[in-house]
Amino acid sequence: MANLDLAFVQLFWDLMNRKTGELGKVEFHPQKPSYDLYAPVSQAFPRSTPEEEGVSSAYIARFVHKLRTSEHVALHELMILRHGHVIFECGFNPYMQGIWHVTYSMCKSFTGMVVGLLIDEGRLSLEDHVAELLSDELSPLSLLSRVRYSGLKVRHLLTMSSGASFNEVGAISGNDWVKGFFESQAKFPPGDHFEYNSMNSFILSAIVTHITGKTMFEYLSGKLFAPMGIRKVFWEVSPTGITKAGWGMFITQEDAAKLGQLYLQGGVWNGQQLISKEWVQASVSPQIKTGREDNPEYGYHIWMNDVPGSFMYNGMLGQNVYIYPDKDMVVVVNAGNDEVFAGGTMTRIIREFLPESYRPQEEPLSPDPAAYSLLMNEKRISEHSGPEFPRILHGGWGRGGRVRRSDLSFLQALDGRRYEMHSKGIGLAPLIMQVVHNNYTNGIRYLTFSVQKGVLYLLFQEGNDLHRIPVGFGRGRHTAVNLNGEEYLVGTIGRFGRNEDGLAVLTLRIAFIEEATERKLKIVFTDPEHIRLYWSETPGNSIISDTLEMITTGSGNVNPFVGNLLTKVSPLLLRDATQRSIEPVEDAVLVPDDRTGNAGSERKEKTQ
């Protein structure tokens with residue numbers, strides 16, 4: 001564990017000191033494909049109104065309104081199904097409906113499905129010993145490592161009770177995660193108690209590859225995804241080519257809903273038993289106590305929900321599929337909340353509106369045009385809401401509310417102005433996103449403003465990549481950015497005003513709409529030649545600090561040397577250092593040749 005902990009400390013130190021390029025000890029190779037905006041949805045669910053499926057539109061409208069207006073809920077997408085029909089779906093500005101979204105740990109439940117498929121085929125059992133299954137891969141390891149995990153079974157990996165100390169931090173410690181897992185110390189005997197660890201899922205993926213000769217994603221694609229029409233999906237692999245299994249997956253809401261509906265229907269899809277009813281029932285039944293008050297029971301890589309018989313696929317920050325067999329309902333959410341597990345405000349609201357006592361009608365309700373209109377108004381507000389100060393219309397600069405002509409002139413005058421960053425260690429992507437995908441910034445060097453056909457653009461020069469970001473005032477404008485060979489969709493909303501000192505301020509919300517995190521940037525124009533940039537991200541400092549604590553000192557993973565070192569550092573000092581890394585303040589100066597006002601038109605031609 002010494003190497004693991006020291007690797008984490010080194011990465012943490014590098015991030016605090018704004019180092020750029022490849023960090024950690026894991027090799028980076030671009031993996032993520034561009035999302036295909038135009039590919040049709042295969043085997044789409046039928047669409048219906050709530051009333052046609054026995055649900056009141058007014059009830060759904062109140063539900064959506066509470067989610068939308070809650071201070072602690074940052075919804076990206078929402079889909080609600082009843083009787084296998086979509087009765088409501090919505091994207092929340094600037095997020096778009098129908099785009100695939102990162103799952104984080106939600107995909108662990110899909111990993112559990114793969115295990116069930118192999119058990120159905122007779123190629124695997126819950127009682128198989130993991131060290132024996134991976135004996136070929138473990139041959140270089142010492143006898144001590146084999147003995148240490150001799151009692152570890154597939155069942156223990158599925159129930160998060162392996163006892164292994166090699167956890168999520170291992171993803172930055174080196175390339176061979178299987179070796180790291182078995183060389184790590186065992187914290188407790190397998191099966192003793194629940195301790196959440198994404199590397200349990202990864203080892204299951206390694207087992208699948210050993211048995212099938214395919215990556216887990218390839219095997220799952222053939223057995224489930226293809227017959228269910230799940231095509232818009234991607235799953236990252238480790239440096240050694242093993243599907244990550246516990247994270248690294250992108251899937252659309254509709255396809256995630258299919259996998260929820262599959263288990264609601266006992267493993268049946270279009271009349272075909274794709275996975276055995278016995279495995280589904282075992283997976284969604286309590287198998288171990290978690291010790292968590294909000295989610296006290298866990299099945300086979302699936303969380304039990306509050307309503308008896310209900311269950312959920314859960315990923316951090318609000319990537320959840322809630323399945324209610326008693327109501328014949330599935331609810332899918334993607335969000336960017338300040339929560340690691342499903343215990344925050346969003347889950348509380350969902351449980352409040354779908355308690356055990358709630359029983360939708362089995363027969364269709366009478367049409368209710370007024371209630372349905374109310375629901376569609378909630379959808380319209382969610383998709384189009386945003387600051388209205390100022391905005392840019394197709395025909396040029398427009399007015400959203402009262403906008404001073406001098407402010408519009410100021411924004412127009414930014415055209416062609418180029419600023420050089422004082423610090424070169426800040427990237428456009430949020431810090432969480434960089435760490436999770438092992439894709440670190442090369443540092444923004446220049447920021448250029450451009451105004452074309454009434455649209456404000458910000459051009460960030462980050463390493464060899466030039467990000468050309470259009471700014472929407474009111475509703476987000478969308479584009480794609482290239483981050484070290486991986487393309488990500490972004491939607492940006494801007495707000496312009498003056499602060500208490502009368503200085504011009506441009507505030508940007510840069511949402512990575514396939515992700516759960518966003519960049520926030522406030523640009524203060526301090527004088528004619530200088531700007532100050534205040535960076536932050538959402539979810540922010542609190543969730544990152546809490547997550548770091550959970551996967552290091554909080555879970556008892558730190559070796560004595562590092563643990564002794566951490567005891568000598570003030571927790572407040574560590575949190576302050578983390579906050580400065582997540583919320584840096586940066587100065588930039590106008591590039592000298594721009595001070596004459598002659599270089600703007602030349603740069604404008606080059607950036608068109």
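How many of the 13 residues of α3 are buried? In this predicted model, the count is 11 of 13, so α3 is largely enclosed by the rest of the structure.

## Helix α3

Helix α3 covers residues 108-120. Its buried residues are Lys108, Ser109, Phe110, Thr111, Gly112, Met113, Val114, Val115, Gly116, Leu117 and Leu118. A residue counts as buried here when its relative accessible area is under 20%.

At 1.5 Å a residue, the 13 residues of α3 should span 18 Å, and the end C-alpha atoms are 19 Å apart, which agrees.

## The three-stranded sheet

Three strands form an open sheet in the order β3-β5-β4, and the pairing is antiparallel. The edges are taken by β3 (101-102) and β4 (233-235); each has a single partner strand, so one side of each lacks a neighbour in the sheet.

Strand β5 comprises residues 249-251 and pairs with β4 in the antiparallel sense over 3 bridges. Methionine 249 in β5 stands opposite tryptophan 235.

## Helices α10 and α11

Helix α10 spans residues 216-228 and helix α11 spans residues 253-264. Their axes come within 11 Å and cross at roughly 105°. Angles from 65 to 115 degrees count as roughly perpendicular, and α10 and α11 are therefore roughly perpendicular to each other.

On the α10 side, the contact involves Leu224, Phe225 and Met228; on the α11 side, Lys258, Leu259 and Leu262. By class, this contact has 5 nonpolar residues, 1 charged residue and no polar residues.

Technical notes. Residues numbered from 1 in each chain as written. Predicted model: local features only at pLDDT ≥ 70, side-chain atom pairs only at ≥ 80, totals over all residues. Heavy atoms only, no water. Helix = DSSP H or I, 4+ residues; strand = E, 2+ residues; numbered from the N terminus. Expected span 1.5 Å × (residues − 1). Buried < 20%, exposed > 50% of the residue type's maximum accessible area, 1.4 Å probe, protein only. Pairing = 2+ DSSP bridges. Axes fitted to C-alpha atoms, helices over the stretch in contact; angles between N-to-C directions. Parallel < 35°, antiparallel > 145°, perpendicular 65-115°, else oblique. Contact = heavy atoms within 4.5 Å. Nonpolar A, V, L, I, M, F, W, Y, C, P; charged D, E, K, R; others polar.
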